[in-house]
Amino acid sequence: MPHSILLLQRSNKKDSRLYEDFDTPEEALERLIWMFEDRLKALCPTVLNINYSLDDLNRFIDQHKECSLLVLDLGLNAYISHDMAWIKSSIHAHLQRLLLKSKGPNMGIP
C-alpha cells in the first residue's frame with residue numbers, strides 16, 4: 001500500500017498542527033481511531049470499557065480545524081489529498097472490514 005501522511009490541526013493556533021507519516025492509509029486511519037479512544041480514556045479515566053458510535057468518532061474528526069490524508073499515488077508519483085469526508089467514509093469501511101474479519105473466515109471477507 002502507498003505511503004500516507006496524516007495532517008491535523010486542532011484549532012486556529014499554528015502550534016496545534018500535527019503531521020505523521022505511515023506506510024499505509026489504513027495505519028493513518030488506525031492512528032485517528034487511537035487518538036479518539038485515547039481522548040475518551042482521558043475524559044473518563046475510571047471507566048474500564050468505553051463504548052462509542054461511529055457518529056462519536058466522526059464528531060471527533062469534525063472538531064479539528066483541518067484533517068486530511070495525503071496518499072501517494074505510485075502511478076502519478078504524487079500525493080493525492082483526501083478530505084474529512086473521505087477519511088470518515090474510509091474509517092467506516094475499515095471498521096466494517098475489521099468487524100467481518102473478527103467474525104471469522106466463513107463471513108465472505110475479500
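**Exercise 1.** Determine which residues of α2 meet which residues of α3, and characterise the packing of the two helices.

*Solution.* Leu54, Leu57, Asn58, Ile61 and Asp62 of α2 meet Met84, Ile87, Lys88, Ile91, His92 and Leu95 of α3, where contact means heavy atoms within 4.5 Å. Helices are DSSP runs (H or I, at least four residues) numbered from the N terminus. By class, this contact has seven nonpolar, two polar and two charged residues; Ala, Val, Leu, Ile, Met, Phe, Trp, Tyr, Cys and Pro count as nonpolar, Asp, Glu, Lys and Arg as charged, and the others, Gly among them, as polar.

The model is predicted: local features need pLDDT of at least 70, side-chain atom pairs pLDDT 80 or more, while totals for chains, interfaces and linings use all residues. Residues are numbered from 1 along each chain as its sequence is written, and side-chain values use heavy atoms, leaving out hydrogens and water.

Next, consider the axes, which are lines fitted to C-alpha atoms over the stretch in contact, with angles from 0 to 180 degrees between N-to-C directions. Those of α2 (residues 54–62) and α3 (residues 84–102) come within 11 Å and cross at roughly 150°. Therefore α2 is roughly antiparallel to α3 (over 145 degrees).

**Exercise 2.** Determine how α1 is oriented relative to α3, and which residues make the contact.

*Solution.* The axes of α1 and α3 come within 10 Å and cross at roughly 95°. Hence α1 is roughly perpendicular to α3 (65 to 115 degrees). The contact involves Glu26, Leu29, Glu30, Leu32 and Ile33 of α1, with Ile87, Ser90, Ile91, His94, Leu95, Arg97 and Leu98 of α3. By class, seven residues are nonpolar, two polar and three charged.

Key: Parallel < 35°, antiparallel > 145°, perpendicular 65-115°, else oblique.
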